[in-house]
Amino acid sequence: MHSAKVPEKTYHTLDDIRARKEQLAADIQADNERFGALWNGLVTPHKANTKGEWVSALISNSITAIDAFLLVRKLMRNYGHLFGRRKRRF
């Protein structure tokens with residue numbers, strides 16, 4: 001990952017600026033491709049080879065789904081007013 005650096009070179013012509021712009025665009029494109037590959041590796045389900053791996057994947061996916069449900073519930077409870085939902089009073 002690249003850290004944000006201030007360029008050490010000063011640019012004197014438009015061609016220098018264009019070359020730097022093209023270099024930055026190429027760097028951004030390469031980073032996007034790398035992040036896309038990493039993201040796909042995270043969200044793509046893996047095939048289970050054995051019964052134990054299948055059960056493990058099932059439990060893992062179930063825990064993830066429950067965690068997502070609880071997170072949404074918590075966010076809606078705390079920030080539901082932003083979405084036009086009124087808080088219930090008991």
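This is a predicted model: local features need pLDDT of at least 70, side-chain atom pairs count only at pLDDT 80 or more; totals for chains, interfaces and linings use all residues.

Trainee: Okay, what secondary structure does the protein have?
Mentor: Two helices and zero strands. Helix H1 covers residues 14-43, and helix H2 covers residues 51-79.

Trainee: How much of the protein is buried?
Mentor: Buried residues are 2% of the 90 residues. The protein exposes about 9,100 Å², and 60% of that comes from carbon and sulfur atoms.

Trainee: Switching topic: how many salt bridges are there?
Mentor: Two. Asp-15 pairs with Arg-18 at 3.5 Å, N to O, and Asp-31 pairs with Arg-34 at 3.4 Å, N to O.

Trainee: How far apart along helix H1 are Asp-15 and Arg-18?
Mentor: They're three residues apart, so about one helical turn separates them. Asp-31 and Arg-34 are also three residues apart in helix H1.

Trainee: And is Asp-31 buried or exposed?
Mentor: Buried, because its relative accessible area is 18% and the cut-off is under 20%.

Trainee: What else does Arg-34 do, say with Phe-35?
Mentor: Arg-34 lies over the face of Phe-35, 5.0 Å from the ring centre. As for aromatic pairs, the whole structure has zero.

Trainee: Last one: which residues form the nonpolar patch on the surface?
Mentor: Trp-54, Val-55, Leu-58, Ile-59 and Ile-63, with about 480 Å² of accessible area together. Val-55 sits in helix H2 and is partly exposed, at 34% relative accessible area.

How values were computed. Residues are numbered from 1 along each chain as its sequence is written. Side-chain values use heavy atoms; hydrogens and water are left out. Patches are made of residues with over 30% relative accessible area and no salt bridge: like charges are joined within 9 Å, nonpolar side chains (Val, Leu, Ile, Met, Phe, Trp, Tyr) within 5 Å. Accessible areas come from the Shrake-Rupley method with a 1.4 Å probe; for residues, only the protein chains shown count as cover. A salt bridge is a side-chain nitrogen of Lys or Arg within 4 Å of a carboxyl oxygen of Asp or Glu. Helices (H or I, at least four residues) and strands (E, at least two) are DSSP runs, numbered from the N terminus. Buried means under 20% relative accessible area, exposed over 50%, partly exposed in between (1.4 Å probe, protein chains only). Rings of Phe, Tyr and Trp (its six-membered ring) pair if their centres lie within 6.5 Å; planes under 30 degrees apart count as stacked, over 60 as edge-to-face and the rest as tilted. A charge sits over a ring if NZ of Lys or CZ of Arg is within 6 Å of the ring centre and within 35 degrees of the ring normal.
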